[in-house]
Amino acid sequence: MRAIADLAAKPHKFPRKERFVTDVQISAGWMHAGYPIMAHHASAAELVGVKKSKELWGPIHELGHNQQRSCWEFPSHTTECTCNLWSVYVNEEVLGLNRAQAHDELPLAKRKSRVEKYIKGGRELSDWKLWVALETYLQLQEKFGWDAFKKVFAAYHRMSDIPDDNNTKMNLYAETFSQTVKMNLTGFFKAWGWPIEAATEMKMSKLPYWNDHPMTQYR
């Protein structure tokens, strides 16, 4: 839980404790976020076990859902995506399992195949969701580290009156991340099909451009 708070750039002591309840019947899926987080009885053993295994991906995923904020979320694209940042972070930083070991969808070959399929499909934003969307964030993390995400989340804590539409929020995210890492990331986000506006590119134009980002190979 300290790691959950660290990535969210929040104090370790939450206003209320996060709770899991396992039951014979829940309202949605195998697990679902909220207060409390709900799961089926079959998950009880992994919740209280001491083994370091990828079985904890799901519970951490739900804890990640509880940290998502509408100001940097782009529904429905990222609803089941950005919560997985916490799964990757806790698996690597606390449990000692790298991302390729932590989930069957994250070995490098699968990640590369998903990106290539997305590119061949025309970089349609309608296809940018779930594991495809997560790849965007993983590429940012692999270049700039977890500390960049913590600083970005902290920056959002200080913001107010953020519009609700995805286009505006995606431009704000590109701007915020660029300012955080002191590098112009607009080309990177455009390569992922994000609706980056000319005004955002102009704002970031004084920052050094990220010329060798992972998507340049697909030009």
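So, Asp-161 counts as exposed, at 76% relative accessibility; here exposed means over 50% relative accessible area, buried means under 20%, and partly exposed is in between, with a 1.4 Å probe and protein chains only. Asp-161 is in the loop between α8 and α9, and its phi is near 55°, a positive value in a residue other than glycine. Keep in mind that this is a predicted model, where local features need pLDDT of at least 70, side-chain atom pairs count only at pLDDT 80 or more, and totals for chains, interfaces and linings use all residues. Residues are numbered from 1 along each chain as its sequence is written, and side-chain values use heavy atoms, with hydrogens and water left out.

Most residues other than glycine have a negative phi, and most peptide bonds are trans. Lys-182 has a positive phi too, about 55°, and is not a glycine. You'll find Lys-182 in the loop between α9 and α10 (186-191), and it counts as exposed, at 56% relative accessibility. By the way, helices here are DSSP runs of H or I with at least four residues, strands are runs of E with at least two, and both are numbered from the N terminus.

Then the cis bonds. The peptide bond from Tyr-35 to Pro-36 is cis, with omega near 5°, and Pro-36 is in the loop between β2 (31-32) and β3 (37-40). The bond from Pro-75 to Ser-76 is cis as well, with omega near 0°. Ser-76 lies in the loop between α3 and α4.

That loop between α3 (57-65) and α4 also holds Trp-72. Is Trp-72 buried or exposed? At 4% relative accessibility, Trp-72 counts as buried. Leaving out residues up to four places away in sequence, Trp-72 touches Gln-67, Thr-82, Trp-86, Phe-153, Tyr-156 and Tyr-173, where contact means heavy atoms within 4.5 Å.

Thr-176 is in helix α9 (residues 166-181) and is buried, at 5% relative accessibility.

Now the helices. Nine of the 11 residues of α4 are buried, so α4 is largely enclosed by the rest of the structure. Its cover includes α1 (2-8), α3, α5 (99-102), α7 and α8 (146-157).

How do α4 and α7 meet? The axes of α4 (residues 83-93) and α7 (residues 130-144) come within 10 Å and cross at roughly 60°; axes are lines fitted to C-alpha atoms, for helices over the stretch in contact, and angles run from 0 to 180 degrees between N-to-C directions. From the α4 side, Asn-84, Leu-85 and Val-88 meet Trp-131, Leu-134, Tyr-137 and Leu-138 of α7.

On to α7 itself, which is mostly covered, with 12 of its 15 residues buried. Just after α7, Gly-145 takes a positive phi of about 85°.

And α7 has another partner: α6 (residues 108-120) packs on α7 at an angle of about 115°, with the axes 10 Å apart. Arg-111, Arg-114, Val-115 and Tyr-118 in α6 meet α7 residues including Trp-131, Glu-135 and Leu-138. Trp-131 and Leu-138 are also among the α7 residues that α4 meets.
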